[in-house]
Amino acid sequence: MAEVAVRNVIKKYGHLQVIHGVNIEIADGEFVVLVGPSGCGKSTLLRMIAGLESISGGEVLIGGRVVNDVLPKDRDIAMVFQNYALYPHKTVAENMGFPLKLKGRPKEEIAAKVRKAAEILALEKLLDRYPKQLSGGQRQRVAMGRAIVRDPQVFLFDEPLSNLDAKLRVTMRVEIKELHQRLKTTTVYVTHDQIEAMTMADKIVVMRDGHVEQIGAPLELYDRPANVFVAGFIGSPAMNFVRGRIEARDGGAAFVSDHGTVLPVPAGTAPRAEPVAYGIRPEHIDVRDGGISATISVLEPTGSETQIFAHLGGDAINAAVRERISARPGETVPLLIDPARVHLFDDKSGARI
């Protein structure tokens, strides 16, 4: 079994603490993504799982065994780095087989495992080439192949796609997910790209400043973010936030922004004296009669949808709609918000209400 458990893990550099009591349980065969902005501690945490960083407190377990003091080579893990880390003077086959060569495995076994990994990654015709003769995507596949031949308990990926162009990132995203579905090896993947996290993960761990903000399935985080940070980080384009209060209106309740804009709230919402952050995703706003009149600032047609940047009174708002919009900047459009899709957060703590 290859469960990974991170229990009350702390990391300090002298007096500076960068990881604050993190707890994560990763099931056997699960694909877990650590995501967050630069400096949140996700790569540091991954390196502690790998044994490349010491652990200042807490425990890391792999397959039920505490590995705090176990050397990286003895943890039965394989890591794929951002920069590929290939030997330029070795062929693709030699690069892929090098970990087994270091372990003194027979040449026949190495060749067989390299061939098998090459078939999985469509590298059979490239085995005699050198890294300089490969594209970025091919080099990344070689790095993945080098990890596969080790047949580890756990794969660790540290932002492996960040050096690739946008189109190739999409292709490699699919390839890595297909690889996981085929091998069913426990995988921990680090990225700052929330689209990668949403499309690849079985479970996402959202981090900020060395703390875990929320853990859950991708759509769970999208539909019920625990706080303003997660709500703003997960989803593209980002969620709109408007500050104000929930007041009693017409026998029910409505949100009134600090600029006086009145917006609908979910059924059953009670008035609230404390300030509130009102969240609505751009894709949950329609241009439709009966909506609130908004003045267009900028239109961004992308083909599949049009992003509308507008103002509701003094409040900026972004809508992403499928319809083609003929209006121009400076004109008004009716924006209809689905109250069932509204998210409400305490403005002081940021926590979901």
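Which residues do ring pairs link into a cluster? They are Phe31, Phe155, Phe157 and Tyr189. Rings of Phe, Tyr and Trp (its six-membered ring) pair if their centres lie within 6.5 Å; planes under 30 degrees apart count as stacked, over 60 as edge-to-face and the rest as tilted.

This is a predicted model, in which local features need pLDDT of at least 70 and side-chain atom pairs count only at pLDDT 80 or more, while totals for chains, interfaces and linings use all residues. Residues are numbered from 1 along each chain as its sequence is written, and side-chain values use heavy atoms, with hydrogens and water left out.

**Aromatic pairs**

The structure holds seven aromatic pairs. Two of them are set out here.

| Pair | Centre to centre | Angle between planes | Class |
|---|---|---|---|
| Phe229 and Phe233 | 5.8 Å | 20° | stacked |
| Phe241 and Phe345 | 6.2 Å | 65° | edge-to-face |

Phe229 and Phe233 are about one helical turn apart, because four residues separate them in helix H8. Helices (H or I, at least four residues) and strands (E, at least two) are DSSP runs, numbered from the N terminus. Both Phe229 and Phe233 are buried. Buried means under 20% relative accessible area, exposed over 50%, and partly exposed in between (1.4 Å probe, protein chains only).

The pair of Phe241 and Phe345 links distant parts of the chain. Phe345 is buried, at 0% relative accessible area. Phe241 is partly exposed, at 23%.

**Asn227**

Asn227 lies in the loop between helix H7 (218–223) and helix H8 (228–233). Its relative accessibility is 11%, so Asn227 counts as buried. A polar atom of the Asn227 side chain lies 2.9 Å from the backbone nitrogen of Val230. Leaving out residues up to four places away in sequence, Asn227 touches Glu213, Phe345, Gly350, Ala351 and Arg352. Contact means heavy atoms within 4.5 Å.

**Charges over rings**

Arg281 lies over the face of Tyr222, 4.1 Å from the ring centre. The charged end of Lys90 sits over the ring of Tyr87, 5.9 Å from its centre. A charge sits over a ring if NZ of Lys or CZ of Arg is within 6 Å of the ring centre and within 35 degrees of the ring normal.

**Annotated region**

UniProt, in an unreviewed entry, lists residues 4–234 as "domain: ABC transporter". Such annotations may be inferred rather than shown by experiment. Over residues 4–234 the chain is 36% helix and 26% strand. The end C-alpha atoms are 24 Å apart.

Methods:
A polar contact is a pair of N or O atoms within 3.5 Å; within protein, one must be able to donate a hydrogen and the other to accept it, and residues adjacent in sequence count only if both atoms are side-chain atoms.
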